[in-house]
Amino acid sequence: MKIETFTGFTEQGLSKKVNRFLEDNPLEVVDIKFSSSIFYMGAMVIYNTHNNS
């Protein structure tokens, strides 16, 4: 299990970053956590990679 974290100043910016990551990587998403503060928004993608070995 691995994680990747993202931050953005707007919801649209954060969504673009997360969606780009998910499109570019063959992985199984376990969960996505979201948080926000006055200054930024954050997301953490928890995932498993596909091993073809």
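View 1. Strands are DSSP runs of E with at least two residues, numbered from the N terminus. β3 covers residues 41–49, runs antiparallel to β2, and is joined to β2 by nine bridges. Two strands count as paired if DSSP finds at least two bridges between them. The model is predicted, and local features need pLDDT of at least 70, side-chain atom pairs count only at pLDDT 80 or more, and totals for chains, interfaces and linings use all residues. Residues are numbered from 1 along each chain as its sequence is written, and side-chain values use heavy atoms, with hydrogens and water left out.

**View 2. The open sheet of three strands.** The strand order is β1-β3-β2, with antiparallel pairing. Because β1 (2–8) and β2 (27–36) each have a single partner strand, they stand at the edges, and one side of each is left without a neighbour in the sheet.

**View 3. The salt bridge between Lys33 and Asp31.** The structure holds one salt bridge, defined as a side-chain nitrogen of Lys or Arg within 4 Å of a carboxyl oxygen of Asp or Glu. The side chains of Lys33 and Asp31 meet at 2.9 Å, N to O. Lys33 is partly exposed at 43% relative accessibility, and Asp31 is partly exposed at 29% (buried means under 20% relative accessible area, exposed over 50%, partly exposed in between; 1.4 Å probe, protein chains only).

**View 4. Leu27 in strand β2.** Leu27 is buried, with a relative accessible area of 16%. Not counting residues up to four places away in sequence, Leu27 touches Phe21, Leu22, Tyr47, Asn48 and His50, where contact means heavy atoms within 4.5 Å.

Conventions: Helices (H or I, at least four residues) and strands (E, at least two) are DSSP runs, numbered from the N terminus.
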